[in-house]
Amino acid sequence: MSKKDIDWSNLTFAYQPTDYRYISNYKNGEWDEGTLSQDPNIVLNECAGVLQYSQSVFEGLKAYTTVDGRTVTFRPDLNAQRMFDSAKRLEIPPFPVDRFVEAVREVVKANEDWVPPYGTGATLYLRPYVFGSSPVIGVAPAEEYQFRIICTPVGPYFKGGVKPITIRVSDYDRAAPHGTGNIKAGLNYAMSLHPIMEAHRQGFSENIYLDPATRTKVEETGGANVLFVTKDGKLVTPKSDSILPSVTRRSLLYVAEHYLGMETEEREVLFEEVPDFVECGLCGTAAVISPIGCINDHGKEIKFPSGMEEIGPVMKKLRETLTGIQMGTIEPPEGWIYEIK
Ligand code: PLP
Ligand code: COI
């Protein structure tokens with residue numbers, strides 16, 4: 001094994017093809033046995049379900065090099081289950097959970113030279129996805145599908161890494177009540193492209209979305225769940241049926257309670273109580289924990305006491321503990337770390 005000659009520490013969150021991707025095709029009612037391929041291109045029928053009605057769901061997880069040189073992934077079983085659930089919602093035949101986890105192992109193993117070395121701040125991002133590949137013209141699910149896992153080495157999702165960012169309250173909704181906000185479907189991200197470009201043009205890093213029914217409660221951002229810390233040090237995270245059940249958020253709630261002895265609360269969070277929190281952050285596979293210094297609500301600034309210079313002390317501790325577990329410097333809870341052998 002010899003690692004690729006890459007300037008690992010200066011990677012951004014951008015795609016570059018690696019040597020191998022995993023592919024399995026669904027035809028005649030079953031998934032084939034799957035294979036690794038060196039071809040980054042896909043040839044599709046012009047009327048493929050994904051092209052007409054956006055029939056696709058995806059996942060995001062990472063592979064890490066640990067301090068003692070092992071290659072590991074973090075809770076891939078939870079991504080497998082979430083993709084299973086997402087697929088069912090879009091009438092996509094779900095890819096079996098155990099096969100997903102095995103495919104992750106195979107594709108990371110094949111791309112081990114692309115897993116960034118320990119201490120560089122970079123990781124190998126894995127993007128599993130499934131899409132309708134056979135033609136449809138009336139509104140209907142496709143009959144054939146492709147499951148694929150691609151890999152790409154990445155750096156921080158937000159420029160500056162752990163430097164606090166400013167986000168704005170969006171006037172657009174992310175997810176309808178009883179809609180698809182709780183699954184990881186490409187369509188949820190297509191509709192966020194205009195709001196995110198508008199946010200960038202106005203100088204903000206992201207949008208925070210409120211609940212579409214009443215616009216009084218915090219939901220999440222375009223690509224991450226939200227964390228708050230109260231004055232008395234409690235970790236609070238919004239509960240809603242229309243946000244994505246983040247693997248990172250669920251893990252952090254456990255870490256906060258069992259590693260850091262913090263009280264935690266998963267509950268509805270009213271937007272009007274946001275100024276009472278002392279720290280705020282975004283959490284997700286790509287975002288890890290990205291601190292929020294300021295939320296701009298139509299010109300009115302909510303500035304958190306943790307400020308715009310440094311990540312706040314609680315977010316820092318949470319981030320260090322989570323990444324320590326992922327990179328092998330802190331003992332993980334049973335079943336969280338999958339070693340790639
Ligand atoms: N919310 C949204 C909308 C996302 O796209 C993501 C990213 O996957 C998350 C939350 C965080 O989820 P996870 O921690 O499982 O990556
Ligand atoms: C992830 O964190 O894996 C995501 O899919 C979020 C996306 C906005 C990059």
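This is a predicted model: local features need pLDDT of at least 70, side-chain atom pairs count only at pLDDT 80 or more; totals for chains, interfaces and linings use all residues.

**Entry 1: Asn79**

I started with Asn79, which sits in helix α2 (residues 76-89). Helices here are DSSP runs of H or I with at least four residues, strands are E runs of at least two, and both are numbered from the N terminus. Residues are numbered from 1 along each chain as its sequence is written, chains are lettered from A and ligands numbered from 1 in the order in which they are written, and side-chain values use heavy atoms, with hydrogens and water left out.

Is Asn79 buried or exposed? It counts as buried because its relative accessibility is 2%; buried means under 20% relative accessible area, exposed over 50%, and partly exposed in between (1.4 Å probe, protein chains only). I also checked Val247: its C-alpha atom is 7.5 Å from that of Asn79, though the two are 168 residues apart along the chain.

**Entry 2: ligand 1**

Next I looked around ligand 1. I found 17 residues surrounding it, the closest being Tyr189, Glu220, Ser246, Thr248 and Thr285 (a residue counts if one of its heavy atoms lies within 4 Å). By class, this shell has five nonpolar, eight polar and four charged residues. Here Ala, Val, Leu, Ile, Met, Phe, Trp, Tyr, Cys and Pro count as nonpolar, Asp, Glu, Lys and Arg as charged, and the others, Gly among them, as polar. I noted that β11 (218-221), α6 (247-258) and β15 (279-284) each give at least two residues to the shell.

Which side chain has an N or O atom 2.5 Å from a nitrogen atom of ligand 1? That one is Glu220. Taken alone, ligand 1 exposes 380 Å², and the protein buries 97% of that (Shrake-Rupley method, 1.4 Å probe). For the side chain of Arg82, I got 2.8 Å from an N or O atom to an oxygen atom of ligand 1.

**Entry 3: ligand 2**

Last, I went to ligand 2. Its surroundings include Phe58, Tyr157 and Gly223, and the shell splits into four nonpolar, three polar and two charged residues. A polar side-chain atom of Tyr125 is 2.6 Å from an oxygen atom of ligand 2. Ala286 uses its backbone instead: an N or O atom there lies 2.8 Å from a ligand 2 oxygen. On its own, ligand 2 has 280 Å² of accessible area, and the protein covers 90% of it.

Lys184 turned up on both lists. Its side chain has a polar atom 2.7 Å from an oxygen atom of ligand 2, and an N or O atom 2.8 Å from an oxygen atom of ligand 1.

Methods. A polar contact is a pair of N or O atoms within 3.5 Å; within protein, one must be able to donate a hydrogen and the other to accept it, and residues adjacent in sequence count only if both atoms are side-chain atoms.
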